[in-house]
Amino acid sequence: MKTRKSWQEKLADDKGLPKVAEITDKMSKRWGTGTVVIPAPREVDEIMRKVPEGKLITINQIRGILAQKHGATIGCPITTGIFT
């Protein structure tokens with residue numbers, strides 16, 4: 001019987017991420033043109049840990065930091081939201 005992964009194990013499992021991909025036709029209707037970075041869970045966690053206690057950071061701000069770090073146009077809103 002398989003045991004469930006702890007949140008720490010899930011956080012450490014990068015699954016080949018981060019990855020920068022071209023924005024395809026379907027995605028371009030919503031996100032425009034360019035590239036999208038799909039972040040690793042650890043990257044999102046690292047950004048959130050740098051936020052001082054009592055301060056706030058939004059998912060869009062995290063996406064912007066990730067996009068800038070990887071030279072992409074945008075950060076993926078779906079995976080960034082999941083990893084937060």
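Reader: What order do the strands of the open sheet have, and what kind of pairing is found?

Author: The order is β1-β2-β3, in an open sheet of 3 strands with mixed pairing. Strands (E, at least two residues) and helices (H or I, at least four) are DSSP runs, numbered from the N terminus. This is a predicted model, in which local features need pLDDT of at least 70 and side-chain atom pairs count only at pLDDT 80 or more, while totals for chains, interfaces and linings use all residues. Residues are numbered from 1 along each chain as its sequence is written, and side-chain values use heavy atoms, with hydrogens and water left out.

Reader: How do you know that β2 and β3 pair?

Author: Two strands pair if DSSP finds at least two bridges between them. Strand β2 (residues 35–38) and β3 have 2 bridges, in the parallel sense, so they meet that criterion. In one of these strands, β3, Gly75 is the bridge partner of Val37.

Reader: What makes Lys15 exposed or buried?

Author: The relative accessible area of Lys15 is 67%, so Lys15 is exposed. Lys15 is placed in the loop between α1 and β1, and its phi is near 50 degrees, a positive value in a residue other than glycine. Most residues other than glycine have a negative phi.

Reader: Why is α3 called oblique to α4?

Author: Two packed helices are described by the angle between their axes and the distance between the axes. Helices α3 and α4 pack at an angle of about 120 degrees, with axes 11 Å apart. That angle makes α3 oblique to α4: under 35 degrees counts as roughly parallel, over 145 as roughly antiparallel, 65 to 115 as roughly perpendicular and the rest as oblique.

Reader: Which residues meet where α3 and α4 are in contact?

Author: From α3 come Glu43, Val44, Ile47 and Met48, and these meet Ile62, Ile65, Leu66, Lys69 and His70 of α4.

Methods
Axes are lines fitted to C-alpha atoms, for helices over the stretch in contact, and angles run from 0 to 180 degrees between N-to-C directions. Contact means heavy atoms within 4.5 Å. Buried means under 20% relative accessible area, exposed over 50%, partly exposed in between (1.4 Å probe, protein chains only).
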